[in-house]
Amino acid sequence: MSCSVVVSNSNVFSLPSPCQFSLSSPVLKRKKPAKLHIPVASLTIEVPPAVMTPSPEKDVIEVEGNGFSVYCKKGSRKHTEDRYSASSDDLYEETKQAFFGIFDGHGGAKASEFAADNMEKNVMEEVNRRDESDIEEAVKHGYLKTDSDFLKEDVHGGSCCVTALIKNGNLVVSNVGDCRAVISRGGVAEALTSDHKPSRKDEKDRIETQGGYVDMCRGVWRIQGSLAVSRSIGDRHLKQWVIAEPETKVLRIEPHHDLLILASDGLWDKVSNQEAVDIARPFCVGNNKQGPFQACKKLVDLSASRGSIDDTSVMIIKLQKYI
């Protein structure tokens, strides 16, 4: 949890004239300067509500929640651009309902921070005013509102994201960009999202139809020679081609669904879906007391050991809690 420190700017220094002389004596004497009055600065510590997003000043973020854990590690940049959000346990006064998200910023952390702070609210407002059968459309409008509101901030940067909404025994997973969600079905990994990259044929066709171009730049497919993802929150300068509309998958949580992994591409660029499940599952099933937190850490450390220099964030959710 971060806190902001506000220091008043009331310090006022009263300095005398550097030299004051008396002419009543043939010997010039310098008067002793008046005593300086330096008031003590007032200090106010303001502690905001708990918002589970990484602090850019920290290299590692560790969170162990009720049924979920998060581990975020800074890459080679000066500050981490990854953020996350997690709300569980009687969310909106409903039991077995939760909202989780991983947000991978680029061009700074402004977009990822904004999305982490606002996505849940925007999605849930749409979900709560629509019929449950229209949940995919509700999530879509929540994403688009988050994007629209961020663009009004008139700041640069963008963010990929993957979110998981759990409601009434259903799992609703959505994404824009290359953050990914992988579920374990009794130990068998299945990706619930598809990465939005310019090299994906349908994404490439969409971009080119809208007058953009996709080409290989330094070994990576990019839009307009710039961005390596085709959907995101933000990215104002490429908004004509880089859309914020998510792809969403809905499924019923069953007894054989062990866990859900949400992670930024810092993990997936170095660790396969099945490998991630194989490593995480022993920590999350049975009587293993280490739990999902150690699984998150092990996955992040593995990615780093294989040469990842990207920010890497991993969240693991134990799905049996929501059946």
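This is a predicted model: local features need pLDDT of at least 70, side-chain atom pairs count only at pLDDT 80 or more; totals for chains, interfaces and linings use all residues.
**View 1. The salt bridge between Arg 231 and Glu 203.** The side chains of Arg 231 and Glu 203 form a salt bridge with an N to O distance of 2.9 Å. Arg 231 is in the loop between strand E12 (220-223) and strand E13 (233-234), and Glu 203 is in helix H3 (residues 201-209), so the pair ties together parts that are 28 residues apart in sequence. Arg 231 counts as buried because its relative accessibility is 9%, under the cut-off of 20%. Glu 203 is also buried, at a relative accessible area of 2%.

**View 2. The buried and exposed sides of helix H3.** Glu 203, Arg 206 and Ile 207 are buried in H3. Viewed down the helix axis, the buried residues of H3 fall within an arc of 95 degrees, so they line one face of the helix. Lys 201 and Thr 209 are exposed, on the face of H3 turned away from its buried side.

View 3. An α-helix has 3.6 residues a turn, so residues three or four places apart point the same way. Lys 297 is partly exposed, with a relative accessible area of 28%, and Asp 301 is partly exposed at 27%.

**View 4. Arg 77 with Glu 81, and a linked group of charged residues.** Arg 77 and Glu 81 form a salt bridge in which the closest N and O atoms are 3.5 Å apart. Arg 77 is partly exposed, at 36% relative accessibility, whereas Glu 81 is buried, at 10%. Elsewhere, salt bridges link Glu 126, Arg 129, Arg 130 and Asp 134 in a network. The whole structure contains 25 salt bridges.

**View 5. Aromatic pairs.** The structure has three aromatic pairs. In one of them, the ring centres of Tyr 71 and Phe 293 are 5.9 Å apart and the planes are at 70 degrees, so the pair is edge-to-face. Tyr 71 lies in strand E4 (residues 68-73) and Phe 293 in helix H6, so this contact ties together parts that are 222 residues apart in sequence. Tyr 71 is buried at 4% relative accessibility, and Phe 293 is buried at 8%. In another pair, the rings of Phe 114 and Phe 150 have centres 5.5 Å apart and planes at 55 degrees, so the pair is tilted. Phe 114 in helix H1 (residues 110-128) and Phe 150 in helix H2 (residues 135-151) are 36 residues apart, and their pairing links distant parts of the chain. Phe 114 and Phe 150 are both buried.

**View 6. Tyr 143 in helix H2.** Tyr 143, a residue of helix H2, is buried, with a relative accessible area of 0%. The C-alpha atoms of Tyr 143 and Asn 118 are 9.5 Å apart in space, and the two residues are 25 apart in sequence.

**View 7. Positive phi at Asp 154 and Asn 168.** Asp 154 is not a glycine, but its phi is positive, at about 60 degrees. Asp 154 is in the loop between H2 and strand E7 (158-167) and is exposed, at 61% relative accessibility. Asn 168, also a residue other than glycine, has a positive phi near 55 degrees. Asn 168 sits in the loop between E7 and strand E8 (170-176) and counts as partly exposed, at 40% relative accessibility.

Technical notes: Residues are numbered from 1 along each chain as its sequence is written. Side-chain values use heavy atoms; hydrogens and water are left out. A salt bridge is a side-chain nitrogen of Lys or Arg within 4 Å of a carboxyl oxygen of Asp or Glu. Buried means under 20% relative accessible area, exposed over 50%, partly exposed in between (1.4 Å probe, protein chains only). Helices (H or I, at least four residues) and strands (E, at least two) are DSSP runs, numbered from the N terminus. Rings of Phe, Tyr and Trp (its six-membered ring) pair if their centres lie within 6.5 Å; planes under 30 degrees apart count as stacked, over 60 as edge-to-face and the rest as tilted. The arc is that of the directions from the helix axis to the C-beta atoms.
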